[in-house]
Amino acid sequence: MRPKRSLGQNFLRDDDVVRRIVASLDILPDDTVVEIGPGRGVLTERLVETGASIVAVEIDRELIPVLERRFADKDKFQVIEADFLTVDVDAVIGSIPPERLKIVGNLPYYISTPIIQRLITFGARFDRAVLMLQREVVERLTAEPGNSHRGFITVLTENSFKTKHLFDVPPEAFFPAPKVWSSVMSLIPTGVDISDHAKLSPLLSAAFAQKRKTILNNLKTYSPNAGELLQLSGIEPIRRAETLTLAEWKQLCSAIDQYQ
Ligand code: SAM
């Protein structure tokens with residue numbers, strides 16, 4: 001069966017990388033691990049060996065029988081044929097206690113941002129996620145204030161998770177080899193209320209709309225009182241959105257609450 005480029009199928013073939021991903025999850029036998037996109041089951045194999053319950057969510061119908069056959073004798077393995085972006089979360093994670101739930105995935109590059117947004121909506125219902133993404137995406141997700149890679153998704157992610165870049169992975173670790181390097185990162189939920197996320201999202205979307213513009217100019221489309229809101233938050237109007245810390249974004253959200 002040929003790997004499908006349209007589904008981002010770059011299968012891992014470096015067992016050392018697989019072991020490092022599994023080790024970074026700190027799996028205990030009582031845990032449940034949800035794997036996004038198990039592919040042919042290279043990473044799944046090592047996850048199953050830990051003795052934890054494994055729930056694999058795979059969109060490619062043709063891979064379902066491959067996985068079912070490979071793990072036919074493993075009663076703590078389950079595969080669900082679904083798109084992780086739309087699957088019913090409760091059907092997947094049910095009543096698993098958050099501290100016992102881990103999420104892992106070697107993800108197709110084109111769905112990195114929607115997957116992160118999906119995990120944000122899972123809220124604090126899991127212990128940690130370990131994801132393999134394109135290296136540039138990990139750089140963006142972990143960019144500190146002042147770094148030009150910092151953007152809308154960085155701040156949203158930082159609001160919901162403590163993030164950490166774990167290690168880089170070269171193209172040769174995959175078949176077929178992608179054109180770019182990948183990186184593995186961890187995301188640990190901070191327990192923030194999902195309503196904070198809902199408030200922050202439209203504000204960030206306006207503030208980062210044109211990265212070269214000042215925050216004041218960008219926020220004029222968000223509110224006619226942009227200048228007053230920035231003043232109330234103690235934020236210089238000539239700054240650029242990428243320089244603001246998460247604490248400053250939260251001050252701005254509080255100012256918006258006070259103003260309305
Ligand atoms: N985990 C395997 C490995 O490391 O070898 C496969 C990784 S491959 C980069 C990505 C996998 O995600 C593929 O099996 C692909 O079919 C699957 N996939 C793509 N989009 C998906 C989605 N929206 N939901 C679930 N699985 C998806």
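Helices (H or I, at least four residues) and strands (E, at least two) are DSSP runs, numbered from the N terminus. The model on display is predicted: local features need pLDDT of at least 70, side-chain atom pairs count only at pLDDT 80 or more, and totals for chains, interfaces and linings use all residues. Residues are numbered from 1 along each chain as its sequence is written, and side-chain values use heavy atoms, with hydrogens and water left out.

**First stop: a cis peptide bond.** Select F175 and P176, which a cis peptide bond joins, with omega about -10 degrees. P176 lies in the loop between β8 (174-175) and β9 (182-189).

**Second stop: the largest pocket.** Select L7, G8, Q9, N10 and P108, which lie nearest the centre of the largest pocket among its 35 lining residues. A pocket here is an open set of points on a 1 Å grid over the protein atoms alone, where a 1.4 Å probe fits, with protein on both sides within 12 Å along at least five of seven lines; lining residues have an atom within 4 Å of a point. Two or more lining residues come from each of β1 (11-12), β2 (32-36), α2 (42-49) and β3 (53-58). The lining divides into 23 nonpolar, 6 polar and 6 charged residues; Ala, Val, Leu, Ile, Met, Phe, Trp, Tyr, Cys and Pro count as nonpolar, Asp, Glu, Lys and Arg as charged, and the others, Gly among them, as polar.

Select V34, F84, L119, L219, W249 and L252, the residues with the most contacts inside the largest nonpolar core, which has 53 residues. Such a core is a set of buried Ala, Val, Leu, Ile, Met, Phe, Trp, Tyr and Cys residues joined through side-chain atoms within 4.5 Å. Buried means under 20% relative accessible area, exposed over 50%, and partly exposed in between (1.4 Å probe, protein chains only). Helix α11 (residues 246-259) gives the most to this core, with 6 residues. Next, centre on F84: leaving aside neighbours within four places in sequence, F84 is in contact (heavy atoms within 4.5 Å) with V34, I36, V57, I115, R118, L119 and F122. A second, separate core of 28 residues includes V17, L47, I64 and V130.

D26, in the loop between α1 (15-23) and β2, has a positive phi of about 50 degrees although it is not a glycine. Is D26 buried or partly exposed? D26 is partly exposed, at 48% relative accessible area. E242, in the loop between α10 (226-233) and α11, counts as buried at 12% relative accessibility.
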